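Hi,

Here is the structure I promised to send over. Have a look at it first, and then read on for what turned up.

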Amino acid sequence: MAQQSVPVTDVWLATPDAARQFDPSRLSREDQARWAGLHTARRRLDWASSRALLGAVPVAGSQASSLSHSHGFAALARAPRDVAVGVDVEWLAPRDFLSMARTAYSPAEADELESLDAEVLPGRFYESWTLKEAFAKALRMPLADALGQCRFALPDRAATAVLPTRRHWRATVFAPRPQLRLAVAFVADTRDALAAAPATMEWPPRHAADWPIVRRLSGGGGAGAVTC
């Protein structure tokens with residue numbers, strides 16, 4: 001009897017060039033209606049890149065997956081079905097970071113961001129935001145709840161995390177481009193299920209990628225967060 005392959009754990013990044021390989025005629029009727037309802041060039045670019053990536057890197061029935069897009073880039077994370085996964089990719093666009101943090105983050109997180117120098121603030125804000133959104137997807141939480149309940153203290157040397165789960169988890173924040181942050185989070189019932197680090201890939205063309213790592217975190221199962 002042939003041995004079944006183990007579902008892969010990986011993270012893919014599609015560049016804006018992926019949108020050129022998007023073919024709306026191959027969409028389902030439902031997705032064609034959604035495509036027709038997108039009226040801004042940015043939303044159409046994001047949607048085209050993400051759907052082209054799904055076409056190039058299909059998700060098997062034995063896998064869990066998560067999808068995100070920003071400024072023409074798209075991210076796809078895949079894992080075995082018994083591992084919950086969430087991914088978020090964000091372009092470091094200028095925002096009123098402190099006002100957003102005071103509104104949506106915990107007071108301690110907002111205080112930490114307010115203490116940062118102006119040149120450090122954007123990267124640190126998006127590091128936290130992508131982690132929160134990735135865990136919102138992995139934990140199947142509304143984003144508004146995750147922004148307040150998934151809390152991270154992210155000083156340069158050591159980090160702490162408070163998450164609304166007792167399951168085991170691990171997360172990594174990458175900087176695939178200087179102006180891009182990508183966070184992927186995995187949650188499982190056992191630590192062993194999270195043993196394999198995800199492969200990092202880009203397309204088009206398809207190739208392995210070695211992105212700079214901004215932060216690694218792991219915890220759960222009654223233990224605090226550990227930074228690597």
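In which segment does Thr-9 lie? Thr-9 sits in the segment before β1 (10-14). One thing to keep in mind as you read on is that this is a predicted model.

Is Thr-9 buried or exposed? Its relative accessible area is 17%, under the 20% cut-off, so Thr-9 counts as buried. Setting aside neighbours within four places in sequence, Thr-9 is in contact with Arg-78, Ala-79 and Pro-80, with Phe-186, and with Ala-196, Ala-197, Pro-198 and Ala-199. As for Trp-91, which is 82 residues from Thr-9 along the chain, the two C-alpha atoms are separated by 24 Å.

The largest pocket has a volume of about 280 Å³. It is lined by 13 residues, and the closest to its centre are Asp-23, Arg-26, Arg-51, Ala-52 and Gly-55. Helix α2 (residues 41-56) gives the most to this lining, with five residues. By class, the lining of the largest pocket has six nonpolar, three polar and four charged residues.

The second largest pocket has a volume of about 170 Å³. Among the residues that line it are Gln-63, Arg-81, Val-85, Lys-137 and Arg-140. At least two lining residues come from each of β2 (63-70), β4 (84-91) and α5 (121-138), and β2 gives the most, with three. Here the lining divides into five nonpolar, two polar and three charged residues.

Best wishes

Key
Residues are numbered from 1 along each chain as its sequence is written. This is a predicted model: local features need pLDDT of at least 70, side-chain atom pairs count only at pLDDT 80 or more; totals for chains, interfaces and linings use all residues. Side-chain values use heavy atoms; hydrogens and water are left out. On a 1 Å grid over the protein atoms alone, a cavity is a set of points where a 1.4 Å probe fits but cannot get out, and a pocket is an open set with protein on both sides within 12 Å along at least five of seven lines; lining residues have an atom within 4 Å of a point. Grid points are joined across faces, edges and corners, and a volume is the space filled by probe spheres set on the points. Helices (H or I, at least four residues) and strands (E, at least two) are DSSP runs, numbered from the N terminus. Ala, Val, Leu, Ile, Met, Phe, Trp, Tyr, Cys and Pro count as nonpolar, Asp, Glu, Lys and Arg as charged, and the others, Gly among them, as polar. Buried means under 20% relative accessible area, exposed over 50%, partly exposed in between (1.4 Å probe, protein chains only). Contact means heavy atoms within 4.5 Å.
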